[in-house]
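User: Could you take a close look at one part of this protein with me? I'd like to understand how a single side chain sits in its surroundings.

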Amino acid sequence: MTTYPVRLQLNGESRQFDVEAWVTLLDLLRERAGLTGTKKGCDHGQCGACTVLVGGKRINSCLTLAVMQDGREVTTVEGLADGAQLHPLQQAFIEHDAFQCGYCTPGQLCSAVGLMNEGEAKTVAEVRELMSGNICRCGAYPGIVAAVTDVMGLAQHEDNPDRPYLPGTVPA
């Protein structure tokens, strides 16, 4: 079987792998690099559980081949903290109770870091919209939005009080 060398700057460390052409970045991270924080959810780019940062931009790692990322800088949830010091978003997720089961949290965190790097979100509504590619089946969206907007320093951290909310629905 033909393999191809793939060199990545993975969470600040230079790593090299030999992979088959069809191996996704997600599978390389989980199965070959041992970084299991990145989750396999839908495996079709619809849930965001596999979101990582490539060159500081968020991508669905299930939709890109590992060989396409040769030479790139990849940051996973394991690379966000600085040793024992949590990334400000990780701390905010704790403070705002922005998770329940935690399965989507790594993708949510990487997506939020990418969102902040992009600099496009200026309001709570924009944060909500630009994070909409990351699904939380537990419905922790209000806490997620509050955590992200808190770290971004937006004046209003809570959802719009005029926005209709019906108990039993998932506010996205």
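Which side chain does the side chain of Asp27 join in a polar contact?

Analyst: Happy to! Please keep in mind that this is a predicted model. The partner is Lys40: its side chain and that of Asp27 are joined by a polar contact of 2.9 Å.

Let's start with where Asp27 sits. Asp27 belongs to helix H1, which spans residues 25-32. Is this residue buried or exposed? Asp27 counts as buried because its relative accessible area is 18%, and the cut-off for buried is under 20%. Leaving aside residues up to four places away in sequence, Asp27 touches Arg32 and Lys40.

The protein has five helices and five strands, and along the sequence they follow the pattern β-β-α-β-β-β-α-α-α-α. Of its 172 residues, 42% count as buried. Among contacts between residues at least 6 apart in sequence, 54% join residues at least 24 apart.

Next, the nonpolar side of the picture. In soluble globular proteins, nonpolar side chains tend to be buried together. Here the largest nonpolar core has 23 residues, and those touching the most other members are Leu80, Leu89, Phe93, Val127, Ile144 and Val148. Helix H2 (88-95), H3 and H5 are the elements that give two or more residues to this core. H3 supplies the largest share, five residues. A second, separate core of 15 residues includes Phe17, Ala33, Leu35 and Val52.

The axes of H3 (residues 105-118) and H5 (residues 141-152) come within 11 Å and cross at roughly 35°, and the crossing is right-handed. On the H3 side, the contact is made by Gln108, Ala112, Leu115 and Met116, and H5 brings Ile144, Val148, Val151 and Met152. By class, that makes seven nonpolar residues, one polar and no charged ones.

Ile144 links these two views: this residue is among the core members that touch the most others, and it takes part in the contact between H3 and H5. Not counting residues up to four places away in sequence, Ile144 touches Phe93, Ala98, Gln108, Met131 and Cys136.

Technical notes:
Residues are numbered from 1 along each chain as its sequence is written. This is a predicted model: local features need pLDDT of at least 70, side-chain atom pairs count only at pLDDT 80 or more; totals for chains, interfaces and linings use all residues. Side-chain values use heavy atoms; hydrogens and water are left out. Axes are lines fitted to C-alpha atoms, for helices over the stretch in contact, and angles run from 0 to 180 degrees between N-to-C directions. Helices (H or I, at least four residues) and strands (E, at least two) are DSSP runs, numbered from the N terminus. A crossing is left-handed if the near helix is turned anticlockwise from the far one by less than a right angle, and right-handed if clockwise. Contact means heavy atoms within 4.5 Å. Ala, Val, Leu, Ile, Met, Phe, Trp, Tyr, Cys and Pro count as nonpolar, Asp, Glu, Lys and Arg as charged, and the others, Gly among them, as polar. Buried means under 20% relative accessible area, exposed over 50%, partly exposed in between (1.4 Å probe, protein chains only). A polar contact is a pair of N or O atoms within 3.5 Å; within protein, one must be able to donate a hydrogen and the other to accept it, and residues adjacent in sequence count only if both atoms are side-chain atoms. A nonpolar core is a set of buried Ala, Val, Leu, Ile, Met, Phe, Trp, Tyr and Cys residues joined through side-chain atoms within 4.5 Å.
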